[in-house]
Number of protein chains: 2
Amino acid sequence: MTLARVSPTRGARPAVVYSTLRELIVRGQLAPGARIVEMDIAARLRVSRTPVRGALQRLQQEGYIVHSPTLRQSRPSVAPLTRDDAIELFSIVGEIEGLAARSAATLAALLREKLVTDLLAINARLERASRTKTPKHDLLYDLDEQFHRRYVDAAAGPRLRALHDAVKPQAERYERLYVSLLSRGLAPSIREHESITGAIRHGDADAAQRAVQTNWRNAAARLGAVIDTVGERGSW
Amino acid sequence: MTLARVSPTRGARPAVVYSTLRELIVRGQLAPGARIVEMDIAARLRVSRTPVRGALQRLQQEGYIVHSPTLRQSRPSVAPLTRDDAIELFSIVGEIEGLAARSAATLAALLREKLVTDLLAINARLERASRTKTPKHDLLYDLDEQFHRRYVDAAAGPRLRALHDAVKPQAERYERLYVSLLSRGLAPSIREHESITGAIRHGDADAAQRAVQTNWRNAAARLGAVIDTVGERGSW
DNA sequence: CGAAGTTAAATTGTATACAAAATTGCAGCC
DNA sequence: GGCTGCAATTTTGTATACAATTTAACTTCG
């Protein structure tokens, strides 16, 4: 594995370090449980420890890294992937996106029509992609991601979007890890997407919110079952 | 205003700076829109800029401070208090606490009984406090806070609790600012607390979640009306 | 007297030096 | 052979020095 050499303009270094590390963690190249050493990262990215510290702190606050500076016996390491955490995390994502869907259902009719059209198109592509004999996992993931981001971007306020940006990528850690085993059970998810789209189309805020929450609760249950069979990563 | 002089044990400095500043912002002593200067804070707290930077970064990520390092014309300052932000923030708190209430409703019967007893007691005290001729605002705030924290602590997982700890105190900024005008309309809130308690008692997860979300949506509406009459702070 | 350009001050971003703490490895002892 | 205690190394926490950029103030010209 080679890290990209960054020598960016002043003021952007922490952001570059952050997204580089986050990508490594999300994609699993930095494995759950792996120790994080400031010096190493700084050396590899040709930056001083100062911007690295900023990036690490943010990663820790968002849950990619666990740290506990006051407690002994705990130095920074990549957060493990556990069944309980997955279920809690998916519930939270469901709430955040559920709230966005609620707002989406109360958008002006014109905006809402455009939104519904897009959602239908994305979901159709998702269905087509899932029907192929050897589905491309990256494509399936991207389309599901697109579907949800479409209505979040359309309706969420700045605060909710910030929360979404901070929390959602963490679900990607689980999705990427177990997607190969999940792609079979994609049919119910596509059905659930239709419920969401329908509720938004009819302007039923409560139903839209509930549909999204249901979608994520079911996804959590499906993922939980998979984790139970193949085991957790990075926690022992 | 005098800041506490901190010279704490190694490793705790950023946390002390963080909570000191957060308290100042929440209580309004650091007014919305006020500029934040690293050197000043470091000097006043007898610390170097390094721990201050850590604290500021966290405060920014949580929304107490706005920053935009890439954009010109934008140096760190205390986040303003606006009507739209209040409504969005309250919705988010409602989702987080709603999710906790949902879990609370599915707790084991024994734990749930104890929880319900406590909630009833807190709400009774809240009602009594609100009936007095000159209600103590701090007391009213504390009791409402206690009520919600009771079921969050009882049922939320580590992730949800972290989110709650990061988001909830920001609502306090609004509550403290406008509490004097809100305390009159406390009766409906007490009624809503009863619905929450009832749903948890009966183990109805959906109803519990809905009741909490309703409570916060109504609170947002009440607060929004107040802000409309007395104006926003720190945004111009 | 006002406006624009230029210079000085202030403030943040970055790097690095130093100190404290902890982990690891090793040696000696039971 | 394993365990305990000590020492050396690693690693993080803190402070500070320096650089770059922005903000402001002042001067000069119209």
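Begin with helix α4 and helix α9 of chain B, where α4(B) passes α9(B) in a right-handed crossing (the near helix is turned clockwise from the far one by less than a right angle). This is a predicted model, in which local features need pLDDT of at least 70 and side-chain atom pairs count only at pLDDT 80 or more, while totals for chains, interfaces and linings use all residues. Residues are numbered from 1 along each chain as its sequence is written, chains are lettered from A and ligands numbered from 1 in the order in which they are written, and side-chain values use heavy atoms, without hydrogens and water.

Select residues 83–105 of chain B for α4 and residues 205–230 for α9, whose axes come within 8 Å and cross at roughly 160° (axes are lines fitted to C-alpha atoms over the stretch in contact, and angles run from 0 to 180 degrees between N-to-C directions; helices are DSSP runs of H or I with at least four residues, numbered from the N terminus). α4(B) is therefore roughly antiparallel to α9(B), a term for angles over 145 degrees.

Next, show both chains together: 24 residues of chain B are in contact with 24 residues of chain A, contact meaning heavy atoms within 4.5 Å. Finally, select Asp85(B) and Arg159(A), which form a salt bridge whose closest N and O atoms are 2.5 Å apart (a side-chain nitrogen of Lys or Arg within 4 Å of a carboxyl oxygen of Asp or Glu); the count between chain B and chain A is two salt bridges.

Note on methods
Helix = DSSP H or I, 4+ residues; strand = E, 2+ residues; numbered from the N terminus. Parallel < 35°, antiparallel > 145°, perpendicular 65-115°, else oblique.
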